[in-house]
Amino acid sequence: MEAVGDERTRTGPEQLPAPEALLAAPGYVARRLHSAYTAAWQRHVDPLLTGPQFAVLTAVDAYPGAEQGSLARAVALDRSTMASIVRRLEDRGLITRVTPPEDGRKRLLHLTEDGSTTLHQAYDKARALDKLLMRGIEKDDESALLTRLNGIAEHWESLVED
């Protein structure tokens, strides 16, 4: 019998499985996937550049000079989250915001040279992470899974559209 306070046999809190009710809840599974993805991103891609920041840099690279609000929709971010991310990227010198003289409310985004370098350094690591995440899944199954996940994302987004 273990003596009270015997540190040699204690390894920490007991690892309990998730309750079945949670495993059957799509929101819980999505949160679990997001949590694991975020941790994997920090370990394998970049501990400072977040996935959403990478998405914004990727969109700015694809659509240089596009308006901040349009880019937010393209990367599935709400306006306040996008504004916060853009501010951080601008503070790091990775993007510039330009206000066109004809409309002072708009912010047109461009990558800086440092932003382009940061994006390209992270890109190969992000694609390697994608391969790691999909390891063991056949290419046809991977395409079908991504198509299905994107469809689910579009449906969930439609539930909260303004």
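Is Ala76 buried or exposed? Ala76 counts as exposed, because its relative accessibility is 52%; here exposed means over 50% relative accessible area, buried under 20%, and partly exposed in between, with a 1.4 Å probe and protein chains only. Keep that scale in mind for the views that follow.

These legends describe a predicted model, in which local features need pLDDT of at least 70 and side-chain atom pairs count only at pLDDT 80 or more, while totals for chains, interfaces and linings use all residues. Residues are numbered from 1 along each chain as its sequence is written, and side-chain values use heavy atoms, with hydrogens and water left out.

**View 1. Ala76 lies in the loop between H4 and H5.** Helices (H or I, at least four residues) and strands (E, at least two) are DSSP runs, numbered from the N terminus. Take a look at the backbone here: phi of Ala76 is near 60°, a positive value in a residue other than glycine.

**View 2. The largest pocket holds about 2400 Å³ of space.** On a 1 Å grid over the protein atoms alone, a pocket is an open set of points where a 1.4 Å probe fits, with protein on both sides within 12 Å along at least five of seven lines; lining residues have an atom within 4 Å of a point. Points are joined across faces, edges and corners, and the volume is the space filled by probe spheres set on them. Of the 47 lining residues, His34, Ala76, Asn150, Ala153 and Glu157 are the closest to the centre of the pocket. Two or more lining residues come from each of H2, H3, H4, H5, H6 and helix H7 (139-158). The lining divides into 27 nonpolar, seven polar and 13 charged residues. Asn150 belongs to helix H7 and is partly exposed, at 47% relative accessible area.

**View 3. The largest nonpolar core has 25 residues.** Such a core is a set of buried Ala, Val, Leu, Ile, Met, Phe, Trp, Tyr and Cys residues joined through side-chain atoms within 4.5 Å. Phe54, Val56, Leu57, Leu71, Met82, Leu89 and Leu109 touch the most other members. Helices H2 (26-44), H3 (51-62), H4 (68-74), H5 (79-91) and H6 (113-133) each give two or more residues to this core, and H3 gives the most, with five. Beyond its neighbours within four places in sequence, Leu71 is in contact (heavy atoms within 4.5 Å) with Ala59, Val60, Tyr63, Ala66, Met82 and Leu109.

**View 4. Gln53 is a buried residue in helix H3.** Gln53 counts as buried because its relative accessibility is 4%. Who is around it? Setting aside neighbours within four places in sequence, Gln53 is in contact with Leu48, Ile85, Arg88, Leu89 and Arg92.

**View 5. Arg97 sits in strand S1 (residues 95-98).** With a relative accessible area of 27%, Arg97 is partly exposed. Its side chain makes a polar contact with the side chain of Glu90 at 2.7 Å; a polar contact is a pair of N or O atoms within 3.5 Å, where, within protein, one must be able to donate a hydrogen and the other to accept it, and residues adjacent in sequence count only if both atoms are side-chain atoms. Not counting residues up to four places away in sequence, Arg97 also touches residues including Gln68, Val86 and Arg107.

How values were computed:
Nonpolar A, V, L, I, M, F, W, Y, C, P; charged D, E, K, R; others polar.
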